[in-house]
Amino acid sequence: MAARGFPYTDLKDFLAALERAGELRRVGVPVDPTLEISEIVTRTVRADGPALLFEQPTRGEMPVAINLFGTEKRTAMALGVESLDEIGNRIGEMLKPELPVGFSGMMGGLGKVMQLTSMPPKKVRTAPCQQVVYRGDDVDLNRLPGLQVWPGDGGTFHNFGLTHTKHPETGKRNLGLYRLQQHSHNTLGMHWQIHKNSTAHHAVAERLGQRLPVAIAIGCDPVVSYASSAPLPADIDEYLFAGFLRGERVEMVDCLTVPLQVPAHAQVVLEGYLEPGERLPEGPFGDHTGFYTPVEPFPVLHVEAMTTQRDPVYHSIVTSKPPQEDHGLGKATERIFAPLLRFLIPDIVDYDLPAAGVFHNCAIVSIRKRYPKHAQKVMNAIWGAHMMSLTKLIVIVDEDCDVHDYREVAFRAFGNVDYARDLLLTEGPVDHLDHSSYQQFWGGKAGIDATRKLPEEGYHRGWPEEMTMAPEVVSLVDKRWKEYGI
């Protein structure tokens, strides 16, 4: 039964809701987790098809749930809203500085406080995720139907493992979503990238000559799964954020063998340690960039315990060039964090992160232009805003341009630009997976000012008026449209 307030206690509850809504299909025939599942999922995603539950994978001991976030509709269902903008609007309301006025204002302020007090996770003594326990020699990762997604992949990968670590000195928790290559029946490669907080935790542990405890949760409730992918600042706990999204506290339980906590309603939990200094080759892996990432040395997790629910469901994701399932996750991040980005950079009216740019490579931004070189000011502000620093291309348009209409954006960017004057070139950090930069981790960036140009910017020809039809003619044709027989 679902917890009070939020519709899904765990992954199984969410799958049941998807099935009731006609958004889930069960695949009852045997299907191979090596490549076959990947091809089925890719075709399904590109046809805007449903979430899938493979009930008889030919490897592993549990069914595979996949494509849960493949559309904006399912992502909104996962987060318990009708529209992804609802969450962004909640955040925007909380950022407003006005004091409450009158009784209704006081009640509204109380509601915000109640939202805040519901955030911290709640510790429980017993949990469904520990109904079945394997320790020591009984640990066997082959029980999990890990996927090989592409022919050139270096082996089997677990692609939706929520990785928990703590800073060895401060105790600050981090939750991240990283791919996990299975090296053996009880070891995993930890592909956490240079810009991630878990990398910083591991660096401190190695400096201190200590093992780093790690816990990985697979098959969490959809809000926790989304929160693990959200680009939160380092000082915001992902479980506080998940509690905010849920409107209630996330239940957590102590691990059995490491000093960490995990979601009580996860389907599978892996517990273990990283030995200081140990690395193994990880990869290749066909990533969301559409290319194989190369083999690199990464830390190794020695799994000492594995716990599961009874009859667990394994959750994974397929990665490829867009479109792919991560479209829903990326669009959720765009909409949820829009008010925060506008709070940091008030010049922004709206923005869009195109899936074709793998979300972090390109940002289309509209502004209410007020002064010369305003667009360039916004570009630099975006490159200084947390993980937006990895953006390689920024296109700035006027506020009357719909940033989500790519034809309109292209019209502005192709026709409103003198590239000798309106192109800003710079250098900075890029994503760990970026294969195009000549050096790893940093490279060139560009900003395109596609706004109307001002005389103060050196444009003295008089910006032309864009053609629009007279409103009365538009209205007339609307009314008579059926008469035309077109």
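Guide: Start with the terms. Strands (E, at least two residues) and helices (H or I, at least four) are DSSP runs, numbered from the N terminus. Two strands pair if DSSP finds at least two bridges between them. This is a predicted model: local features need pLDDT of at least 70, side-chain atom pairs count only at pLDDT 80 or more, and totals for chains, interfaces and linings use all residues. Residues are numbered from 1 along each chain as its sequence is written, and side-chain values use heavy atoms, with hydrogens and water left out.

Visitor: What is the strand order in the open sheet of three strands?

Guide: In general, strands of a sheet pair through backbone hydrogen bonds, either parallel or antiparallel. Here the order is β4-β10-β11, and the pairing is mixed. β4 (122-124) and β11 (261-263) are the edge strands; each has a single partner strand, so one side of each lacks a neighbour in the sheet.

Visitor: In which sense do β10 and β11 pair?

Guide: Antiparallel, over three bridges; β10 covers residues 251-254.

Visitor: How many helices and strands does the whole protein have?

Guide: The protein has 13 helices and 23 strands.

Visitor: What radius of gyration does the protein have?

Guide: The radius is taken over C-alpha atoms, and the globule rule is 2.2 Å times the number of residues to the power 0.38. For 486 residues, a compact globule would come out near 23 Å; the protein has 24 Å, which agrees. Its C-alpha atoms fill a box of roughly 80 × 55 × 50 Å along the principal axes.
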